[in-house]
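This report describes the packing, loops and contacts of the structure shown below.

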Amino acid sequence: MGNPVKRNYDANKRLRLFLDENLKSPSKVADRAKMRRDTFSSILGSRRPIYADEIVQICYAAGCTVEYLLGVNDNQL
């Protein structure tokens, strides 16, 4: 058997940090992003990765930039 893929959850951590720092309600962001709340909770808890086709809708709903979420020009996490 091959080696399991190691997932990177930095974007999830940045999203959680952004919501906490900006006092954003995760349930309201999930609703705005048209995502199930349990799915969004799994993303915030780093139990599930953010899929590429969800990035823009999550950023729009949360009010952050894609660059922030993906850590462009930022190696802090």
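Phe18 is buried, its relative accessible area being 13%; buried means under 20% relative accessible area, exposed over 50%, and partly exposed in between, with a 1.4 Å probe and protein chains only. This is a predicted model, in which local features need pLDDT of at least 70 and side-chain atom pairs count only at pLDDT 80 or more, while totals for chains, interfaces and linings use all residues. Residues are numbered from 1 along each chain as its sequence is written, and side-chain values use heavy atoms, with hydrogens and water left out.

Rings of Phe, Tyr and Trp (its six-membered ring) pair if their centres lie within 6.5 Å; planes under 30 degrees apart count as stacked, over 60 as edge-to-face and the rest as tilted. By this rule the count is one aromatic pair. The ring centres of Phe18 and Tyr68 are 5.6 Å apart and the planes stand at 55°, so the pair is tilted. Phe18 belongs to helix α1 (residues 10-21) and Tyr68 to helix α5 (residues 66-70), so the pair ties together parts that are 50 residues apart in sequence. Helices (H or I, at least four residues) and strands (E, at least two) are DSSP runs, numbered from the N terminus. Tyr68 counts as partly exposed, at 27% relative accessibility.

## The nonpolar core

A nonpolar core is a set of buried Ala, Val, Leu, Ile, Met, Phe, Trp, Tyr and Cys residues joined through side-chain atoms within 4.5 Å. The largest such core has 19 residues, and those with the most contacts inside it are Leu15, Leu19, Phe40, Ile50, Ile58, Ala62 and Leu69. At least two core residues are supplied by each of α1, α2 (26-32), α3 (37-44) and α4 (55-62). The largest share, five residues, comes from α4.

Which residues does Leu69 touch, leaving aside its neighbours within four places in sequence? They are Ala11, Arg14, Leu15, Ile50, Ile55 and Cys59, where contact means heavy atoms within 4.5 Å. Ile50 can also be placed relative to Asp10, a residue of α1: the two are 40 residues apart in sequence and 10.0 Å apart in space, C-alpha to C-alpha. Asp10 is partly exposed, with a relative accessible area of 22%.

## How α1 meets α3

Two packed helices are described by the angle between their axes and the distance between the axes. The axes of α1 and α3 come within 8 Å and cross at roughly 105°. That makes α1 roughly perpendicular to α3. Axes are lines fitted to C-alpha atoms, for helices over the stretch in contact, and angles run from 0 to 180 degrees between N-to-C directions; those under 35 degrees count as roughly parallel, over 145 as roughly antiparallel, 65 to 115 as roughly perpendicular and the rest as oblique.

On the α1 side the contact is made by Asn12, Leu15, Arg16 and Leu19, and on the α3 side by Phe40, Ile43 and Leu44. Within α3, Phe40, Ser42, Ile43 and Leu44 are buried. The cover over the buried residues of α3 includes α1, α2 and α4.

## The loop between α3 and α4

Ser46 follows α3 and lies in the loop between α3 and α4. Ser46 has a positive phi of about 55° although it is not a glycine, and at 25% relative accessibility it counts as partly exposed.

Apart from neighbours within four places in sequence, Glu54 is in contact with Met35, Ile43, Arg48 and Pro49. Ala52 is also in the loop between α3 and α4, and at 67% relative accessibility counts as exposed.

## The loop between α1 and α2

Leu23 is placed in the loop between α1 and α2. Leu23 is exposed, with a relative accessible area of 77%. Its phi is near 50°, a positive value in a residue other than glycine.
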